[in-house]
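Please read it alongside the sequence and the coordinates.

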Amino acid sequence: MRVEEFDVLIVGAGLSGLRAGLELSKKWNIAVISKVYPVRSHSGAAQGGINAALSNLEEGKGDTPKAHAFDTVKGSDYLADQDVVMFMCEEAPKIVVEFESMGAPFSRLDSGLIAQRPFGGAGFPRTCYAGDRTGHALLHTLNEQSIHNGLNFFNEYFLVDLFKADRRIAGLIALDIAKGELVSFRAPYVILATGGFGRIFKFSTNAVINTGDGVGAAFRAGIPMQDVEFVQFHPTTLFGTNILITEGARGEGGYLFNNKNERFMEKTAPKAMELAPRDIVARSIETEIIEERGFENSYVHLDLTHLGAERIKERLPGIREISMSFAGIDPIEEPIPVQPGQHYSMGGIGTKFDGEYGETDLSGLYTIGECSCLSVHGANRLGGNSLLETAVFGRHIGRKLLKKGLPNKSSLSEIQIAEERAIDNIERLFKSWNENTGKKPVEIRNEMGETLNRNVGVYRTDKDLKKATTTLLRLQKEFLNTQVSTEDRSFNYGLIRTLELRSMLDIAEATAYASLWRKESRGAHFRIDHPTRNDDKYLVHTMIYSVKDELEIKTKPVKLGIFEIKERKY
Amino acid sequence: MVEKHKFLVYRNSGNGKSHYDKFEFPVSKGMSILDALFYIQDYFDSTLAFRYACRGAICGSCGMTIDKVPLLACRTQVSTVKTSKKPAKLPEFKFSDHPEWDPETEILIEPLPNMSVLKDLVVDMEPFWKFYREIEPYFARKWNDVAPESLQSTGQMKTIERLVYCILCGLCWACPVSKENPNYLGPAQLAKADRFIRDSRISDDRQESILSRVLQDDAVPACEKFFVCNRVCPKRVMPGTAIKDIRNNWINE
């Protein structure tokens, strides 16, 4: 067995993982483990921007971190933890300026300062951007700094399972994708930064690789999933492929039209119109489609034509390219066909009440970025806050751990027992997959995705959610007998995708289960049979545990006290 | 109407021996070549190896050669492969002898050219990353998080914008020079160098250091102006033009 030892292991090489790595590698021996090369990570697909109260625009004077925090908390439908939101918004201007000092190619104002644009649910234009490819610009910037600082990468290594020893994290088992061998990585600290898990849905803007490997591994190690019922459906994904069409397109002045040529947003958000928060716009579009005011019963129009060729080419070149390449439509000439699609996971790996931001209940295990639930987004995330979250908490966790110092390692004999047991489990799994005669993984994956889309989507009911939990339970059973060849393990992506499905089924099940439990409507979670918010009963975080192969729900208090709880109106 | 399509896919288990497998299956509306490869992996052969991530032409993972043209598989539609315009004057890419390929009815899928194959459509990108690191593609300013940020005019930003969009997919290594000279840094690498050289915020030291590397024999001077890179680049980075600019601006003749 090949063994690697480090002070800290970071799983995931998107913005969160890289930023944490850059901080920690100043002093410690670290490894960044990623199933793809860093620049392939899904952070790079973020388009619109990163929020910070920099007040670079005249209209932005008067913006403050506190105003940013208020918008974030209100946008979260008051489920976000207010202390951690305040912290993020105070760090925001610093983290954006820091990105610039690293060389990030932001778009600029005539003054030479970083440009900012208006975004949904925000009181001021505070979204900094690099054209409509902000994530790409920032991811490449951190990758460049990683080269400069000699960060230690294990690229194309897939996280399979975590292992514990002496009641703390002791390391993880990863599959070296190229060689096909299992490797034990030992470390007293592990940071999970594995990103979103939107691929549990059939229609998602997420990359194919967004499968929740970290969430699944943590869950199997006893860490709960938190708030996973809160799934952001982005209002505008391209009909057909569900590739993201940035909110920036509406920020730049794009309109939404139904088949009666009405700007239907005036019915649900007469003031904010197209720039209402994402959950509200997504529900409005879904309603138009359900009530037959959409096109082909599937989509509405996002119209940019009135913006003119010059503005579209300058501000939204990526959107134009995507529309032309994937839908054969030039937005200068024609409206873009859009429909809501899964976009972001507000929930994720559960964190400790009153711990460090990102600390889990398992000593030494931390989590940051989309895979985590800190919770800065509560029941609904504002556009421009996800890129922000990645870098703020990547830097923060790095600084905190350095300050805390290295812990006493678990005893070597305990570590050896734990890693051998973990590897034995995985080998048994591989052996059974190779010998099984049941369904192919694709059949299970497709049914899971369709079930979530149909029964755990924009609008939810008790009946649909019960159907989903029943179906998912059956799929879990079928998965035990799934078959895939595990003999030749080198670049065996069929095997990798089966390992991904293993985690996704757990997350899908927990998502349906938590959605069923939460009998209220809050943020992105909308129950037709319980259409209002119920703060008396549900102003709490849900924590889903696996207890003897059954799901069990607990709750965690929300950190309040800075902003008053109010009705959420736009 | 369900239409069946035929695919001829390059296979190589990494031991040097290669062959081609034929697949035929119904294609749904809007199916990309990447979707088709997933279909093969899901239903016919789970061991078919290819890289992927975003499926939206932004991550740069799925570069391959489709009907003899280097393309991103995710952005290439099965239904239009045969009818879309091919870039002019591409060199011929040869991977091995393959059975009769009928260009009229079969879609031929092969790895990226001028890189060694690890398995099936997965190539060894290590030389690509090594040369990328070699041009030192980074700022070395001390990190600062106190506003204001350093200034840059919109015009100065515009001079690097096109270059910034490079996704490091490796299609430009279809360059004939990359084929002949294993030490040639490569078009993407030199375009990235230009991105830093031109950035108004770069320090003189950094600029000199990057220039000193890319002006060596195996870099800018090695370019033979085929401009294959410009024609295959999926992001219109125009690496060949960037190389020309470096030559024009920094080499005194």
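In this predicted model, the side chains of A:R315 and A:E252 form a salt bridge with an N to O distance of 2.8 Å. The two partners come from distant parts of the chain, 63 residues apart. A:R315 belongs to helix 9 of chain A, while A:E252 sits in the loop between helix 6 (248-251) and strand 14 (255-257) of chain A.

**Salt bridges**

- Over all chains, a search of the whole structure returns 77 salt bridges.
- Nine salt bridges are found across the interface of chain A and chain B.
- A:E321 and B:R75 are joined through their side chains by a salt bridge, at 3.0 Å from N to O.
- Side chains of opposite charge can pair when their charged atoms come close.
- Between domain 1 and domain 2 of chain A the count of salt bridges is zero, and the count between domain 1 and domain 2 of chain B is also zero.

**Interface of chain A and chain B**

- The contact involves 69 residues of chain A and 62 residues of chain B.
- About 5500 Å² of area is buried between chain A and chain B, and carbon and sulfur atoms contribute 55% of this area.
- Of the area that chain A buries against chain B, 12% is supplied by A:R40, A:R108 and A:F491, more than by any other three residues.

**Second largest pocket**

- The second largest pocket holds about 1100 Å³ of space.
- Its lining comprises 33 residues, and those closest to the pocket centre are A:E321, A:S325, B:R75, B:P234 and B:R236.
- A:E321 and B:R75, both in that central group, are the partners of the 3.0 Å salt bridge.
- From chain A, helix 9 (309-315) and helix 10 (317-327) each supply at least two lining residues.
- From chain B, strand 4 (69-72), helix 3 (154-164) and helix 7 (228-232) likewise each supply at least two residues of the lining.
- Helix 10 of chain A gives the most to the lining of the second largest pocket, contributing five residues.

**Domains of chain A**

- The domain assignment places domain 1 of chain A at 234-340 and domain 2 of chain A at 418-553.
- Taken over C-alpha atoms, the centres of these two domains of chain A are 31 Å apart.
- Seven residues from domain 1 of chain A and five residues from domain 2 of chain A make up the contact.
- The area buried between the two domains of chain A is about 460 Å², with 67% given by carbon and sulfur atoms.
- A:D279, A:R283 and A:E286 account for 75% of the area that domain 1 of chain A buries against domain 2 of chain A, more than any other three residues.

**Domains of chain B**

- Chain B is divided into domain 1 (3-123) and domain 2 (126-250).
- A distance of 28 Å separates the centres of the two domains of chain B, taken over C-alpha atoms.
- Their contact draws 20 residues from domain 1 of chain B and 17 residues from domain 2 of chain B.
- About 1400 Å² is buried between these domains of chain B, and carbon and sulfur atoms give 63% of that area.
- B:P70, B:N114 and B:M115 provide 31% of the area that domain 1 of chain B buries against domain 2 of chain B, more than any other three residues.

Methods:
Residues numbered from 1 in each chain as written. Chains lettered and ligands numbered in written order. Predicted model: local features only at pLDDT ≥ 70, side-chain atom pairs only at ≥ 80, totals over all residues. Heavy atoms only, no water. 1 Å grid on protein atoms, 1.4 Å probe; cavity = no way out; pocket = protein on both sides within 12 Å on 5 of 7 lines; lining within 4 Å. Points joined across faces, edges and corners; volume = space filled by probe spheres on them. Helix = DSSP H or I, 4+ residues; strand = E, 2+ residues; numbered from the N terminus. Domains from an automatic or database assignment. Contact = heavy atoms within 4.5 Å. Buried area = accessible area lost by both parts, 1.4 Å probe. Salt bridge = Lys/Arg side-chain N within 4 Å of Asp/Glu carboxyl O.
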